[in-house]
Amino acid sequence: SSGINAEYGGVGHVTLITGNRYRALDSVYEKEFQEHVTKERLNTWYRAFSRDEDSQWRYVQDVVRDKGEELVNGIVDKGAAVYVCGDAKGLGAGVWEAFVEMVGKWTGRSREESEVFMKEMRTSKRYCEDIWS
C-alpha cells in the first residue's frame, strides 16, 4: 500500500476541507497540502474561499452540504472522524449544523435522531472541535 496508509499505519481515506478568505492571500500551506495530495497522504482536499466570487464554495459548511453523501458515508459506514478548527460563532456552529442536516438527508434520520447521532460522535471523540470566539 502507498501513501498515508503505509506511512501512518493505515488510517484510511483522509479528506481535508479548508476555509479561507482569499485564495491569493490566505493559501499559506497550499504547497504543503498539495504535496500531501500528490503523495497520497491526503486523498481529497476541498477548499472554500469566502471572499473570492469565483470560488466553488464560500464556507466549509458549503462543502459539507455539497459533499454530504460522501462525508456521511464516511462517518456512518466507515467510522470516520471529523476534526473542526476555527471560530465558534461562524465556522463551528455552521459546520455542526451542516453535518446534522446531511446526516438526516443521507440516512433518513429525523432532525432529533441526527442531532443525537452527532452528539454521540462528539462524546466518542469522533467529532472533535478546536474552536474559539
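Colleague: Which residues in the largest nonpolar core touch the most other members?

Modeller: In this predicted model, the largest nonpolar core holds 19 residues, and V64, I75, V95, F99, M118 and Y127 touch the most other members. At least two residues of this core come from each of α4, α5, β3, α6 and α7, and α6 gives the most, with eight residues.

Colleague: What does V64 touch, leaving aside residues up to four places away in sequence?

Modeller: With those neighbours not counted, V64 touches I17, L71, V95, A98, F99 and M102. In soluble globular proteins, nonpolar side chains tend to be buried together.

Colleague: Which residues of helix α5 are buried, and what makes them line one face of the helix?

Modeller: Helix α5 covers residues 68-77, and its buried residues are G68, L71, V72, G74 and I75. Seen down the axis of α5, these buried residues fall within an arc of 155°, so they line one face of the helix. What covers them includes β1 (15-20), α4 (60-66), β3 (82-87), α6 (88-107) and α7 (111-123). After α5 comes G79, whose phi is positive, near 70°.

Colleague: Why is C128 called partly exposed?

Modeller: Partly exposed residues lie between the buried limit, under 20% relative accessible area, and the exposed limit, over 50%; C128 has a relative accessible area of 22%, so C128 is partly exposed.

Colleague: Why is the pair of F33 and W45 called edge-to-face?

Modeller: The whole structure has five aromatic pairs. In the pair of F33 and W45 the ring centres are 5.3 Å apart and the planes stand at 65°; since ring centres must lie within 6.5 Å to pair, and planes over 60 degrees apart count as edge-to-face, this pair is edge-to-face. The pair links distant parts of the chain, with F33 in helix α3 (residues 30-38) and W45 in strand β2 (residues 44-49), 12 residues apart. Ring pairs also link Y29, F33 and W45 into a cluster.

Colleague: Are F33 and W45 buried or partly exposed?

Modeller: W45 has a relative accessible area of 15% and is buried, whereas F33, with a relative accessible area of 24%, is partly exposed.

Colleague: What makes R122 a charge that sits over the ring of W96?

Modeller: R122 lies over the face of W96, at 3.9 Å from the ring centre, and the limit for that distance is 6 Å.

Colleague: What is the phi of E40, and where does E40 lie?

Modeller: The phi of E40 is near 60°, a positive value in a residue other than glycine, and E40 lies in the loop between α3 and β2. The relative accessible area of E40 is 41%, so E40 is partly exposed.

Colleague: Why is K125 called exposed?

Modeller: Exposed means over 50% relative accessible area, and K125 has 61%, so K125 is exposed. K125 lies in the loop between α7 and β4 (127-132), and its phi is positive, about 65°, although K125 is not a glycine.

Terms used:
Residues are numbered from 1 along each chain as its sequence is written. This is a predicted model: local features need pLDDT of at least 70, side-chain atom pairs count only at pLDDT 80 or more; totals for chains, interfaces and linings use all residues. Side-chain values use heavy atoms; hydrogens and water are left out. Buried means under 20% relative accessible area, exposed over 50%, partly exposed in between (1.4 Å probe, protein chains only). Helices (H or I, at least four residues) and strands (E, at least two) are DSSP runs, numbered from the N terminus. The arc is that of the directions from the helix axis to the C-beta atoms. Contact means heavy atoms within 4.5 Å. Rings of Phe, Tyr and Trp (its six-membered ring) pair if their centres lie within 6.5 Å; planes under 30 degrees apart count as stacked, over 60 as edge-to-face and the rest as tilted. A charge sits over a ring if NZ of Lys or CZ of Arg is within 6 Å of the ring centre and within 35 degrees of the ring normal. A nonpolar core is a set of buried Ala, Val, Leu, Ile, Met, Phe, Trp, Tyr and Cys residues joined through side-chain atoms within 4.5 Å.
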